[in-house]
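User: I would like to learn how to read the features of a protein model, one at a time. Please give the general idea first and then the case at hand.

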Amino acid sequence: MICRLSDGPRALTPCSIVIFGASGDLTARKLIPALYHLHGEQLLPEPLRVIGFARREKTDESWRRELREALEQFSRTRPVDAGQWGTFASNLHYCRGDLTEAAAYQRLARQLEGFGEAALGRNILFYLAVSPSQFGAVVEHLQRVGLLERDPPMPAWQRVVVEKPFGHDLTSARRLNAELTRFAHEQQIFRIDHYLGKETVQNILMFRFSNAIFEQLWSRQAVDHVQITVSERPGVGGRGGYYEEAGALRDMVQNHLLQVLALVTMEPPVTLESESIRDEKVKLLKSIRPIPPEAVGRHVVRGQYAPSQVEGQPLPGYRQEAKVAPDSDVETYVALRLFIDNWRWSGVPFYLRTGKHLPLSASEVRVQFRPTPHVLFAARCGETLDANALTLRLQPNEGISLRFNGKVPGTSVAVRPVRMHFSYDSEFGAYTPEAYERLLLEALAGDATLFIRRDEVEAAWSIVDSIRAGWAGQALTEAEFYPAGSWGPAGADRLLAAGGHQWRNPQPAS
Ligand SMILES: NC(=O)c1ccc[n+]([C@@H]2O[C@H](COP(=O)([O-])OP(=O)(O)OC[C@H]3O[C@@H](n4cnc5c(N)ncnc54)[C@H](OP(=O)(O)O)[C@@H]3O)[C@@H](O)[C@H]2O)c1
């Protein structure tokens, strides 16, 4: 029995996608491969045109050639289907220009008009794959040339998709929001957090609100604490320059980890409409107890990876990476304890951690239930009787596991944890669309559920800003360095030990 909430793909209206930053990494690595796959699955509207906008000299032909080469490298399916690529690529066009130059937008407008079909010139998705400092200029020029209207006459629509980082603190995020909303309604702005495009992240709400047995347990009555881990095996590699400006707290916690936390802990929305869901997420983010700067040392642990050896291979420390200052105090690891001050979660600690150069790349949420009363088996086993836990594995090895205790067969009386295990791959077969495929489709359909609303961004920044204020001017201490390839600084273990807890590390994919 399948309960269908939608009847297959939605009918999408013919439109154009204009990608600012057409010669950049994001376009080649994510956007074009995602559109190519959507085209192959016949999920894109008909007709659809894509215009790439950037300064570099290119023709339609040379841009298509470059994208094809990139696709060979980045496509999730290989080999690239020459027929599919051919029909898709015939809709790719290039517009050369500087995004500060008014004349370039007139050329863009003429190109859209030249498609000869009215819908292609008035239904437009503007994808801003450029630096956030350029967002304001782009929307202003688009509005001036008449391509972006706040209230386009029905049925026309124009939407603006923007990428993270969405500001570097609350003040800059507010400024960015103000710049964008001068020329577009909030409903026209789609802020991407690609984490929300992942099937497993979307499944958090399905899992919670379509299963009565778990939702009954989803509160302080039954939950002891929750651990959210997003670990990355690689170091910063070639992205040292970017990372020096960001750090783990801004790069991961402000967006991905707080979004996952919100989905795991929010109240049921009134409806499945995007605004209802986003209302609940904002309510949750606002009920996270702020960590004042003077209390940061008690609730937050930061770290930076130091040189080490793993399996005989030397790994550089963060300070030795390219484009990183040799005395950098930027954190490549952060662990924090948060409390949610609402009726459901009062007193339950939420431990979030993320870091680079950890032993493996994995994202998971572990809901640790309260132990049994100290009688019967618990009285005899003490600490060795494991409490139940539910793990939502977001990646890799996507699935859900429930740990409970079972009798070890035999004449002796022994109990040990066993796992009940659901795996996406074995249940549904390998189906791993890239997050960008889903997100592009939602943006084309005008459904904002998987995008971040203005007040969500601002609520998340205020949590993060207060922590940063606590670190301001404080150099890293010796104890905050962790060997590359380890699970982070010892302080992170003490953070949990203070509450009688310990980290449960994600397990390698079996
Ligand atoms: N790459 C990723 O996986 C990723 C992931 C998440 C978020 N993001 C964000 O997405 C944005 C783009 O990232 P990216 O990695 O693709 O950057 P990138 O490789 O540096 O590309 C930047 C693009 O912007 C264009 N550009 C810059 N200044 C311009 C101007 N004045 N006029 C016209 N075009 C201009 C560049 O084209 P020309 O040089 O040809 O003009 C280039 O196509 C950034 O904000 C980044 O933080 C990227």
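Analyst: The model shown is predicted. Start with a proline: proline 79 sits in the loop between α2 and α3 (82-89).

User: What is the peptide bond from arginine 78 to proline 79, cis or trans?

Analyst: The general idea comes first. Most peptide bonds are trans, and most residues other than glycine have a negative phi. The bond from arginine 78 to proline 79 is cis, with omega near 0°. A cis bond also leads from glutamine 395 to proline 396, with omega near -15°. Proline 396 belongs to the loop between β14 and β15.

User: Now the sheets. In what order do the strands of the open sheet of seven strands lie?

Analyst: The order is β3-β2-β1-β4-β5-β6-β17, and the pairing is mixed. At the edges are β3 (92-96) and β17 (451-452), each of which pairs on one side only. Helix α2 (residues 60-74) packs on this sheet and touches β2 (48-54) and β3. The direction of α2 makes about 115° with that of β3.

User: How do I read the pairing of β1 with β4, as parallel or antiparallel?

Analyst: Strand β1 (residues 15-20) and strand β4 (residues 124-128) run parallel and are joined by five bridges. Serine 16 has isoleucine 124 as its bridge partner in β4, and valine 18 stands opposite phenylalanine 126 in β4. With β2, β1 also runs parallel, and six bridges join the two. There, the bridge partner of valine 18 in β2 is isoleucine 51.

User: Which way do the side chains of β1 point, and are they buried or exposed?

Analyst: In a regular strand the side chains alternate between the two faces of the sheet. In β1, Cys15, Ile17 and Ile19 point one way, while Ser16, Val18 and Phe20 point the other way, and all are buried. Six of the six residues of β1 are buried, so the strand is largely enclosed by the rest of the structure.

User: What is the strand order in the sheet of nine strands?

Analyst: The nine strands form an open sheet in the order β16-β15-β14-β13-β7-β12-β11-β8-β18, again with mixed pairing. Its edge strands are β16 (415-423) and β18 (481-483), each pairing on one side only. From one strand to the next, the twist averages 20°. For an antiparallel case, take strand β14 (residues 389-395) and strand β15 (residues 399-407), which pair over five bridges. Leucine 392 has isoleucine 400 as its bridge partner in β15.

User: Which helix lies across β7, β11, β12 and β13?

Analyst: Helix α10 (residues 240-265) lies across β7 (223-231), β11 (333-339), β12 (349-355) and β13 (362-369), and runs at about 140° to β12. One of its residues is alanine 246. With 18 C-beta neighbours inside 10 Å, alanine 246 counts as partly exposed. Not counting residues up to four places away in sequence, alanine 246 touches Pro165 and Asp251. Sequence separation and spatial distance can be read together here: alanine 246 and threonine 332 are 86 residues apart in sequence and 9.5 Å apart in space, C-alpha to C-alpha.

User: Last, the ligand. How many residues surround the ligand, and which are the closest?

Analyst: The ligand is surrounded by 21 residues, and the closest are Gly21, Gly24, Leu26, Arg55 and Arg56. By class, the shell divides into eight nonpolar, five polar and eight charged residues. Helix α1 (residues 25-40) supplies the largest share of the shell, four residues.

How values were computed:
Residues are numbered from 1 along each chain as its sequence is written. This is a predicted model: local features need pLDDT of at least 70, side-chain atom pairs count only at pLDDT 80 or more; totals for chains, interfaces and linings use all residues. Two strands pair if DSSP finds at least two bridges between them. Two residues are in contact if their C-beta atoms, placed from the backbone, lie within 7 Å. Axes are lines fitted to C-alpha atoms, for helices over the stretch in contact, and angles run from 0 to 180 degrees between N-to-C directions. A residue is near a molecule or strand if its C-beta atom, placed from the backbone, lies within 6 Å of it. Ala, Val, Leu, Ile, Met, Phe, Trp, Tyr, Cys and Pro count as nonpolar, Asp, Glu, Lys and Arg as charged, and the others, Gly among them, as polar. A residue is buried if 20 or more other C-beta atoms lie within 10 Å of its own, exposed if 12 or fewer, and partly exposed in between; C-beta atoms are placed from the backbone.
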